[in-house]
Amino acid sequence: MNLETYYEYCLSKKGTTEHFPFDEDTLVFKVGGKMFALSSLSQWEKNEPSVNLKCDPERAQELRAEYDEIKPGFHMSKVHWNTVSLNGNLPAAFVKELIDHSYELVFKSLTKKIQNEIIDPR
């Protein structure tokens with residue numbers, strides 16, 4: 001997965017906004033004001049792309065055991081976040097599933113009012 005595909009896919013998720021809350025290097029995608037994906041742009045430039053994605057704790061452990069490209073979240077809660085290396089070994093469809101899972105976890109944590117505003121913004 002390249003940066004453009006990652007960027008466009010994250011922004012295609014309903015209610016997603018992009019931010020640089022930490023510095024000008026760390027691109028963060030949020031839904032309802034909460035992070036679901038973040039990545040260092042300089043790592044993409046160095047050809048060492050990775051993304052941090054939220055994950056169910058049990059599934060996070062399973063993914064880390066199964067894939068060398070998936071590690072505990074760098075600079076994040078190691079229980080709820082994974083760092084996923086996008087060095088080309090993981091299929092783009094699988095990475096999209098991981099992004100979907102992260103988005104859905106965060107979306108479900110939002111209040112019903114915020115969820116409804118995202119689903120049906122009027």
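Predicted model: local features only at pLDDT ≥ 70, side-chain atom pairs only at ≥ 80, totals over all residues.
## Val84 and its neighbours

Leaving out residues up to four places away in sequence, Val84 touches Pro49, Ser50, Val51, Leu53, Glu69, Ile70, Leu90 and Leu98. A contact here means heavy atoms within 4.5 Å.

A quick word on the ground rules: local features need pLDDT of at least 70 and side-chain atom pairs count only at pLDDT 80 or more, while totals for chains, interfaces and linings use all residues. Residues are numbered from 1 along each chain as its sequence is written, and side-chain values use heavy atoms, with hydrogens and water left out.

## The nonpolar core

Val84 also turns up in the largest nonpolar core, which has 27 residues; Tyr6, Val31, Phe36, Val84 and Ile99 are the ones that touch the most other members. Who supplies this core? At least two residues each come from α1 (3-12), β2 (26-31), β3 (34-40), β4 (50-54), α3 (57-66) and α4 (92-109). The top contributor is α4, with seven residues.

Buried means under 20% relative accessible area, exposed means over 50%, and partly exposed is in between (1.4 Å probe, protein chains only). Helices (H or I, at least four residues) and strands (E, at least two) are DSSP runs, numbered from the N terminus.

Which residues of α3 are buried? Ala60, Leu63 and Arg64 are. They sit on the same side of α3, because they cover an arc of only 100 degrees around the axis (the arc is that of the directions from the helix axis to the C-beta atoms). As for what covers the buried residues, the list includes β5 (70-72), β6 (81-85) and α4.

## A cavity inside

The structure holds one cavity of 30 Å³ or more, and the largest cavity has about 50 Å³ of space. Its lining is made of Leu53, Lys54, Cys55, Leu63, Ile70, Asn82, Val84, Leu98 and His101, with β4, β6 and α4 each giving at least two residues.

What counts as a cavity? On a 1 Å grid over the protein atoms alone, it is a set of points where a 1.4 Å probe fits but cannot get out, and lining residues have an atom within 4 Å of a point. Grid points are joined across faces, edges and corners, and the volume is the space filled by probe spheres set on the points.

## Two salt bridges

How many salt bridges are there? The count is two, where a salt bridge is a side-chain nitrogen of Lys or Arg within 4 Å of a carboxyl oxygen of Asp or Glu. One joins Asp100 to Lys13, with the closest N and O atoms 2.8 Å apart. Asp100 is in helix α4 and Lys13 in the loop between α1 and β1 (16-19), so this pair ties together parts that are 87 residues apart in sequence. Asp100 is buried at 18% relative accessibility, and Lys13 is buried too, at 15%.

The other salt bridge pairs Glu117 with Lys113 (3.8 Å, N to O). Both lie in helix α5 (residues 112-119), four residues apart, which is about one turn of the helix. Glu117 is partly exposed at 43%, while Lys113 is exposed at 61%.

Conventions:
Core = buried A, V, L, I, M, F, W, Y, C linked by side-chain atoms within 4.5 Å. 1 Å grid on protein atoms, 1.4 Å probe; cavity = no way out; pocket = protein on both sides within 12 Å on 5 of 7 lines; lining within 4 Å.
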